[in-house]
Amino acid sequence: MRIVFIGPPGAGKGTQCKRLTQMLEIPHLSTGEMLRGTRKESALGRIVSGYIDGGRLAPDYLVMRIVNKRLLESDCQCGCLFDGFPRTLNQAQMLDEQLAIKNNRVDLVLDLRVGQEELVSRLLKRASIENRADDNAETISARLRVFFTQTAPLLDYYKGQGIVRHIDGTRSPDEVFAQIRSCVQATKPKHG
Ligand code: AP5
Ligand code: MG
């Protein structure tokens with residue numbers, strides 16, 4: 001089972017993936033975490049920090065290089081959860097091509113919906129706890145803009161494949177997870 005989580009910053013992608021990865025026993029691939037992980041490495045890290053701290057998307061080629069490498073690892077062969085990836089149409093098409101090599105595909109796309117006021121309030125609250133460099137008012141507003149202009153249109157691409165399910169992300173984490181669980185249980189993986 002290969003599941004894509006699409007949702008604006010603060011929608012709960014990471015929170016819900018942490019639960020689902022345990023239930024399905026498949027890895028949780030967060031491109032945000034992977035990119036933040038490169039920050040410790042010198043030159044690449046500095047380039048990546050520029051994008052993340054400005055709330056802009058890292059270049060597709062860089063993200064695809066990291067994801068494709070991860071997908072070759074043995075634990076990803078039976079499926080995985082994509083958290084915050086793909087984020088552009090180009091990434092979605094390249095992911096489909098990569099999966100098709102092994103006769104796999106994305107089985108389900110979960111569209112986490114939360115209003116902007118609630119998103120900002122969650123992220124500012126998290127800023128006081130986790131110290132993420134991009135959780136400040138200015139960068140949050142850039143991240144939201146990027147989501148609605150570059151990532152939300154992806155839903156049409158996946159709707160064309162008939163695999164999008166909408167999730168009300170404003171409910172409690174338990175209630176959101178219950179919605180996700182029933183979507184997953186109603187989905188039969190096509191391959192792999
Ligand atoms: P990324 O790390 O993916 O950040 P994001 O998309 O901005 O999303 P967040 O991680 O902030 O939110 P989330 O939806 O995971 O919510 P969470 O569960 O934490 O990306 C960061 C940056 O990396 C991007 O801006 C870009 O620069 C780069 N990047 C990443 N992927 C890329 C790609 N594919 N291509 C190019 N660039 C890429 O929840 C948020 C808070 O709300 C938490 O405090 C949580 O406890 C709380 N919360 C969660 N659920 C609920 C609930 N139901 N009720 C109340 N509170 C809740
Ligand atoms: Mg996250």
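This briefing describes a pocket, an annotated site and selected residues of a predicted model. Local features need pLDDT of at least 70, side-chain atom pairs count only at pLDDT 80 or more, and totals for chains, interfaces and linings use all residues. Residues are numbered from 1 along each chain as its sequence is written, and side-chain values use heavy atoms, with hydrogens and water left out.

**Largest pocket**

- The largest pocket holds about 1100 Å³ of space; a pocket is an open set of points on a 1 Å grid over the protein atoms alone, where a 1.4 Å probe fits, with protein on both sides within 12 Å along at least five of seven lines. The volume is the space filled by probe spheres set on the points, which are joined across faces, edges and corners.
- Its lining comprises 46 residues, of which Gly10, Lys13, Arg126, Arg132 and Arg143 are the closest to the centre; lining residues have an atom within 4 Å of a point.
- By class, 13 lining residues are nonpolar, 17 polar and 16 charged, where Ala, Val, Leu, Ile, Met, Phe, Trp, Tyr, Cys and Pro count as nonpolar, Asp, Glu, Lys and Arg as charged, and the others, Gly among them, as polar.
- Helix H6 (116–130) is one of the elements that supply at least two lining residues each, and the largest share, seven residues, comes from H6. Helices (H or I, at least four residues) and strands (E, at least two) are DSSP runs, numbered from the N terminus.

**Annotated binding site**

- An unreviewed UniProt entry lists Gly10, Ala11, Gly12, Lys13, Gly14, Thr15, Arg126 and Arg171 under "binding site"; such annotations may be inferred rather than shown by experiment.
- Alanine 11 lies in the loop between strand S1 (2–6) and helix H1 (13–24). Its relative accessible area is 3%, so alanine 11 is classed as buried (under 20%; exposed is over 50%, partly exposed in between; 1.4 Å probe, protein chains only).
- Beyond four places in sequence, alanine 11 touches Leu112, Val114, Leu119, Arg122 and Gly169, contact meaning heavy atoms within 4.5 Å.
- Lysine 13 belongs to helix H1 and is buried, at 10% relative accessible area. A polar atom of its side chain lies 3.1 Å from the backbone oxygen of glycine 7.
- Among the contacts of lysine 13 beyond four places in sequence are Phe5, Asp83 and Leu112.

**Cysteine 78**

- Cysteine 78 is in the loop between helix H4 (60–71) and strand S3 (80–83), and is exposed, with a relative accessible area of 60%.

Conventions: Chains lettered and ligands numbered in written order. Polar contact = N/O pair within 3.5 Å; in protein donor to acceptor, adjacent residues only side chain to side chain.
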